[in-house]
Amino acid sequence: MCIRDRWGAIEPAEPFIAALNDSDDEVRKAALLAVTKLGERAPVEPLKALLGESETYESAIECLQKTHPDVLREVAEEASNILLGKGAGQVLGSLVQEHAAEVIGNMYNPGPLLVNRLFALLDWPYGRVRRKAEQALAKLGIEPMRPTG
């Protein structure tokens with residue numbers, strides 16, 4: 001896959017797609033602008049993941065409106081379910097989980113149940129939630145367990 005830039009040069013799309021997972025919010029936003037040019041060839045899952053981040057959701061909405069508008073209907077359904085008290089899914093639920101990790105990390109002595117929740121969030125499908133859980137564990141002086149091998 002390739003992206004044509006504003007000067008007409010053709011660039012490979014893979015670095016821009018990879019940048020959607022960068023830890024820097026501004027890099028992810030710039031990558032969203034580039035990936036928008038892929039149109040319907042843009043990968044859906046990384047774009048959906050960015051809807052669940054407080055820093056990138058607006059740019060992700062703009063990108064999805066141009067590339068995969070049907071995904072926004074799914075998110076609207078998730079929002080309706082939240083309003084009806086049916087709970088949140090992964091996209092909007094990520095915002096809640098991200099905030100929960102931050103709050104737990106700021107607690108003096110959160111206790112084993114909340115610490116275990118942080119460990120569970122290390123497996124969340126969206127990177128921002130995983131990073132917040134890692135940061136919270138580090139703040140609490142706990143080393144996140146990494147698979148060995």
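1. Asp25 is found in helix 2. Helices here are DSSP runs of H or I with at least four residues, strands are E runs of at least two, and both are numbered from the N terminus. Not counting residues up to four places away in sequence, Asp25 touches Glu55, Thr56 and Arg128. Contact means heavy atoms within 4.5 Å.

2. A word on the basis. This is a predicted model: local features need pLDDT of at least 70, side-chain atom pairs count only at pLDDT 80 or more, and totals for chains, interfaces and linings use all residues. Residues are numbered from 1 along each chain as its sequence is written, and side-chain values use heavy atoms, with hydrogens and water left out.

3. Asp25 has a salt bridge to Arg28 (2.4 Å, N to O). The term requires a side-chain nitrogen of Lys or Arg within 4 Å of a carboxyl oxygen of Asp or Glu. Arg28 is buried, at a relative accessible area of 0%. Buried means under 20% relative accessible area, exposed over 50%, and partly exposed in between (1.4 Å probe, protein chains only).

4. Asp25 also forms a salt bridge with Arg128 (3.2 Å, N to O). This pair links distant parts of the chain: Asp25 lies in helix 2 and Arg128 in helix 8, 103 residues apart. Arg128 is buried too, with a relative accessible area of 11%. The two side chains are also joined by a polar contact of 3.2 Å. A polar contact is a pair of N or O atoms within 3.5 Å; within protein, one must be able to donate a hydrogen and the other to accept it, and residues adjacent in sequence count only if both atoms are side-chain atoms.

5. Helix 2 holds another pair, Glu26 and Lys29. Their side chains meet in a salt bridge (3.6 Å, N to O). They are 3 residues apart, so about one helical turn lies between them. Glu26 is exposed, at 53% relative accessible area. Lys29 counts as partly exposed, at 26%. Turning to shared partners, salt bridges join Asp25, Arg28, Glu53, Glu55, Glu98 and Arg128 into one network. The structure holds 9 salt bridges.

6. Now the fold. The chain has 8 helices and 2 strands. In sequence order the pattern is β-β-α-α-α-α-α-α-α-α. Of the 149 residues, 38% are buried. Among contacts with a separation of 6 or more, 49% come from residues 24 or more positions apart.

7. Which residues touch the most other members of the largest nonpolar core? They are Leu20, Leu32, Val35, Leu47 and Leu51, in a core of 33 residues. Helices 1 (14-19), 2 (25-36), 3 (44-51), 4 (57-67), 5 (69-83), 6 (90-105), 7 (111-121) and 8 (127-139) each supply at least two residues of this core. Such a core is a set of buried Ala, Val, Leu, Ile, Met, Phe, Trp, Tyr and Cys residues joined through side-chain atoms within 4.5 Å. Leaving aside neighbours within four places in sequence, Leu32 contacts Leu20, Leu47, Leu50, Thr56, Ser59, Ala60 and Cys63.

8. Last, the surface. The accessible area of the chain is about 9000 Å², with 55% belonging to carbon and sulfur atoms. Areas come from the Shrake-Rupley method with a 1.4 Å probe; for residues, only the protein chains shown count as cover. Val103, Met107 and Leu114 make a nonpolar patch of about 200 Å². Patch residues have over 30% relative accessible area and no salt bridge; like charges are joined within 9 Å, nonpolar side chains (Val, Leu, Ile, Met, Phe, Trp, Tyr) within 5 Å. Leu114 is found in helix 7.
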